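Let us walk through this structure together, one step at a time. Please keep the sequence and the 3D view open as you read.

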Amino acid sequence: MARILPWLATAALVLAVLLAGVLNPVRPASVSTDALGPDNGEQVSDYLGRAESSLVELGPEASWALVSFAEPTDVEAVAALPGDVRVAQVLFRVPIDRVQTPLVTVAVSAHPEALRRAPLVAAGRLRGAVAGSDRASRIATVSADRLAAGCACAVGAVVRGAGDQLREVATVPGVRVVEALPPDAVAGRFSVRPLLPEHTGTVAPGADDGEP
């Protein structure tokens, strides 16, 4: 009997572990495959085609979409997008010739003041990243100063709207392209990468040998 008891205890422990696994299964890791914007190395013409195609069959149900501008613009132009679309994020990147400047994404609420203040928020984030006098810090400082001064530095915006609203936005002068996700895409569960104005042939980093 003394020899049997350890085996019984071991069997009971294994059974308990198995029951715990059945009653409290490990939740699978959340995997998000949705993305807005071009892939690195993608031909711009290919991206423009698939972005335009994403709007064709959209109906009255609201979808998330990325608006990429032909040239950097100011937040007043973002606020003036037609169709009463909801602007949820603004993507800022200060244009400096032959310098790769940081992309800063700012989430905004539905209140108009949040959109107006978005450049100041972006500037504050860049200033918080300044840690010395190296090239990256100088670029961040110059970018922050220009954003705080109200530069035309918005290169994209994430918006939400119905199919007709998004198709109307795509016709606005200054809007280069609009790409939409399916209506079942979940906020915060997709990546965003704007089509930058300097991307004309292939989506790839440009020169980075200029002075900030």
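Which residue forms a salt bridge with Asp39? The partner is Arg50, and the closest N and O atoms of the two are 4.0 Å apart. A salt bridge here is a side-chain nitrogen of Lys or Arg within 4 Å of a carboxyl oxygen of Asp or Glu.

Before going further, a word on what you are looking at. This is a predicted model, in which local features need pLDDT of at least 70, side-chain atom pairs count only at pLDDT 80 or more, and totals for chains, interfaces and linings use all residues. Residues are numbered from 1 along each chain as its sequence is written, and side-chain values use heavy atoms, with hydrogens and water left out.

Now for the overall plan. The chain has 7 helices and 7 strands; helices (H or I, at least four residues) and strands (E, at least two) are DSSP runs, numbered from the N terminus. Read from the N terminus, the order of elements is α-β-α-β-α-β-β-α-α-α-β-α-β-β. Of the 212 residues in the chain, 35% are buried, where buried means under 20% relative accessible area, exposed over 50%, and partly exposed in between (1.4 Å probe, protein chains only). Contact means heavy atoms within 4.5 Å, and among contacts between residues at least 6 apart in sequence, 78% join residues at least 24 apart.

Let us return to the opening pair. Asp39 sits in the loop between β1 (34-36) and α2, while Arg50 belongs to helix α2, 11 residues apart. Both are partly exposed: Asp39 has 48% relative accessibility and Arg50 has 34%. Arg50 also meets the side chain of Glu179 in a salt bridge (3.4 Å, N to O). Glu179 counts as buried, at 5% relative accessibility. Together, Asp39, Glu42, Arg50 and Glu179 are linked in a network of salt bridges. Leaving aside neighbours within four places in sequence, Asp39 is in contact with Arg193 and Val203 as well as Arg50. The C-alpha atoms of Asp39 and Pro194 are separated by 9.8 Å, although these residues are 155 apart along the chain.

Helix α2 itself deserves a look. It covers residues 44-56, 13 residues in total, and reaches 19 Å from its first C-alpha to its last, close to the 18 Å expected (1.5 Å times one less than its number of residues). Its buried residues are Val44, Tyr47, Ala51, Ser54 and Leu55. They lie on the same side of α2 because they cover an arc of only 100° around the axis, taken from the directions from the helix axis to the C-beta atoms. Ser45 and Val56 are exposed, on the face turned away from that buried side. Among the parts covering the buried residues of α2 are β2 (63-73), α7 (163-169) and β6 (175-180).

What lies in the interior? In soluble globular proteins, nonpolar side chains tend to be buried together. A nonpolar core is a set of buried Ala, Val, Leu, Ile, Met, Phe, Trp, Tyr and Cys residues joined through side-chain atoms within 4.5 Å. The largest one has 35 residues, and those with the most contacts inside it are Val78, Leu81, Phe92, Leu147, Val159 and Leu166. Helix α5 (residues 118-129) gives the most to this core, with 4 residues. A second, separate core of 17 residues includes Trp64, Val155, Ala185 and Phe190.

Is Ser143 buried or exposed? Ser143 is buried, with a relative accessible area of 1%, and its place is in helix α6 (residues 135-148). Its side chain reaches the backbone oxygen of Ile139 at 2.9 Å. Beyond its neighbours within four places in sequence, Ser143 is in contact with Val94, Thr101, Pro102 and Leu126.

Arg98 pairs with Asp209, their closest N and O atoms being 2.6 Å apart. Arg98 lies in the loop between β3 (86-92) and β4 (104-107) and Asp209 in the segment after β7 (190-192), so the pair ties together parts that are 111 residues apart in sequence. Arg98 is partly exposed at 43%, whereas Asp209 is exposed at 51%.

Note on methods. Polar contact = N/O pair within 3.5 Å; in protein donor to acceptor, adjacent residues only side chain to side chain.
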